[in-house]
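This report looks at how two protein chains meet, and then at some annotated spans of one of them.

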Amino acid sequence: MDFLPTLWFVIIAVLWAGYLFLEGFDLGVGMLLGPFARREKQRRLLINTVGPVWDGNEVWLITAAGATFAAFPHWYASLFAAMYVPLVVVLLALIFRAVAFEYRGKAETAAARRLWTIALSGGSLVIAFGVGVLLAVTTTGLPLNANGDRVGGPFAWLTWPAVLGGLAVVGFCLAQALAFLALKTDGDVRVRSARLLARWFPVLLAPLVAWVAVVVAGSPRTGAVAALAVAAAAAAAAWAFAARRAEGRAFLSLGVFLLASVAALFTAAYPVVLPSTIDPAFDLTVANASSSAYTLQVMSIVAAFGLPLVLGYQAWTYWVFRRRMTEDHIPDAHAVTRIV
Amino acid sequence: MDPLDIARWQFGITTVYHFLMVPLTIGLGVLVASLQTAWHVTGREQYLRMTKFWGKLFLINFIMGVATGIVQEFQFGMAWSEYSRFVGDVFGAPLAMEALLAFFVESTFLGLWIFGWQRLPKAVHLACIWCASLATVVSAYFILVANSWMQHPVGTEIIDGRAVMTDAWAVFTNNTALVTFPHTIFGAFAVAGAFLLGIAWFHLYKRRAAGIDTVDEAGRVVVGEDTDRGRNRDRTDYLVWITSLRLGAVVALVSFIGVAFSGHAQAQLMFEQQPMKMAAAEAACHDGTGFSVLSIGDLSSDGATTCDDIVGVYEIPGLLSFLANEDFTTEVKGVNTLLPEYQEKYGTHLPDDPMYGERAGQEINYLPLMEVTYWGFRAMITFGGLAAFAAAVALWIVRKGTVPRVRWLSRLAVFGILAPFAANSAGWIFTEMGRQPFVVAPNPTFDGVDQVFMFTAAAVSPGVGAGEMLFSLIALTSVYAVLLVVEVVLLFRYVGGGVGSAMPELNDTDDGPGEDDDVLAFAY
């Protein structure tokens, strides 16, 4: 076993888990903006529950991609080039969503505000689905040739496991967001999100469970099966807590469910980082896709210093903004008065 | 259509666009942090207002830089997968470090700053904006390390056909990076300085035009007030603009000096490291010592591999030698001398290797597009110099405390904001186009790393078709165009609102219910 490439495989799994854990709820809150919020103040309440943290959460995605580039250039190159069209769509969604956070509150007309709501809400949905597709094909494979290039055209990635992965992340984000809102708000939003979570829990989490089960069934090694068992237990616990309105424990159990699911996926996939559906000989693995030992050493030192620091100050941020929020906390909107 | 051409257009457009936002973010971020520090230390109201107003414009711009930056990181793998495979071992590291060590800090602490105005102790809140703004500078360093490696690969060996990092210290202290970093950071401050100068001038002019501020017989300003109808243009408002104007002008001037010196250091390195880029910057066919002020002829090297039709109309003798080597006699090699050298070292035709796809065997044109390099180089210097000259003139004009009541001067100040932006874009277009036909330019300085280079023709993703590339080019370009309009409209609106657009409490005329502890100080 190559120690350093394996370590970096684990670090990348951690980065994806961190991304899904954190951005999971802010993507979900974004999606809920349209269908869930009943009035403008409520929409703004939702946006502001994640206002201070969404950008920091998104950096987990950027770091996951950057770390893949640095530690496994072949994985990064083959996956990103093969997923060209879906990634363009995800990028557009990321752009619109980010800009909508900042610009929505600056819109002067109701129509403009509605457009930004669509950008934020629709953008969140597209990102969650796209990230799910990206991770799903990473575990189930793409038609890659000997050079790692995709054959079969721009939509060769479009398979049922890809769609399942997309639905899995969308469902998880919605569940995570409902648990988050129940924990983070008070009043109408708190009551309704707790109720919705308890009611829709199985529907929202079924795709993720199914995807993990499919991947683990294909490679049933002990660690993966154990992680799947933990995930299932955490999901059951989360549902029970959600039904009893134990908001904090429901949110944490969902988090454990996610971490165990990601662990199961990556453990089952190891040592393959990107399977080729054409010929297993073309599979990208931790051994043949990784950077040199020297580069991985340098990166390990940086990560050993940087990653705990990130966890520290992000945790502090959540502590600073720990208060529950209600619609009463949201200041009235004010238009800019032109003075010249 | 060749996917290579589309991929290059896409990279060029998205990068130049991204780099419209980035310099303003870098420069303005540090200035806002400095202004908040001034408020923290002196307690003067004008610094608080400046912090809030410029901070608001900073945020409107910041988010666009964030949104368009993600495209950059993804696009290496998407459109340039062969490049990513070849260089990932060394090139990926600074990108990953940028995300982990800089971008996390930037995003997290900016969130704390935006929402932390009444939540955090004042000193901690101040520390947050410093963390965020200094992280943007650190971010620039990592990205420039990556770019400088493409200009001048160091610390790397070819192992199994891939560039493998052997000395991280060499990569992170690449002399190209160490001169490019200050050049770029000073360039960013030049943008921020002109931004403050132009907008502050506009507001001072509007105060004069509305008759709020007047001048006495000696030409000194007599500051007035207009606080009617919720339009808060009091004496502190005057202080906000005059201080901003002077600060902006000084920053622009100092930055220009920094840009000039670091640029000179860059030119010296370029002369050694990428002699063809230097020759192309001058459209110099023959060896010589003169800096071309104007050359005419068929600059378009579209397909051409010589430049014999170019005639220097006027040149300054010795200046080019000074730029390159700090004397007036060194012969700077021209294209006609360099071309055979490049052909001998790196071949006349692309090798018959599958990595070149259908482009294998094509003749290599070592000549960058000279109308771009020649005019890009000159546009950079001209716009940068004009902005600095304007800043000096502006400082002199406002020496008695305000701007003249002259509308065209105010318009000029506002349009002048664009000059350093143009200089930045021109400089980057020059330096990236001047590196062609290489995506990783060969390093002629040291023996042993001579073989670390890559032709752009080999870098593009082999599995991605022209249709896909065209789709993304059109989609990204149109979205970028729309969002640029949105950003500019918002900036205009918030500038038009003055400080009150960032501090609505200033415009409240009635005494109202006052501060409510339960309401957030800031919310989206």
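## The interface of chains A and B

In this predicted model, the side chains of A:Glu108 and B:Arg493 meet in a salt bridge with an N to O distance of 3.6 Å, a salt bridge being a side-chain nitrogen of Lys or Arg within 4 Å of a carboxyl oxygen of Asp or Glu. Across the interface of chain A and chain B, the rule finds three salt bridges.

On the side of chain A that touches chain B, at least two residues each come from α2 (40-50), α3 (54-71), α4 (73-82), α5 (84-103) and α11 (293-320) of chain A, where helices are DSSP runs of H or I with at least four residues and strands are runs of E with at least two, numbered from the N terminus. In total, 81 residues of chain A are in contact with 87 residues of chain B, contact meaning heavy atoms within 4.5 Å.

## Annotated spans of chain A

The unreviewed UniProt entry annotates several stretches of chain A as "transmembrane region", among them residues 157-184 and 293-316; such annotations may be inferred rather than shown by experiment.

Residues are numbered from 1 along each chain as its sequence is written, and chains are lettered from A and ligands numbered from 1 in the order in which they are written. Local features need pLDDT of at least 70, side-chain atom pairs count only at pLDDT 80 or more, and totals for chains, interfaces and linings use all residues, while side-chain values use heavy atoms, with hydrogens and water left out.
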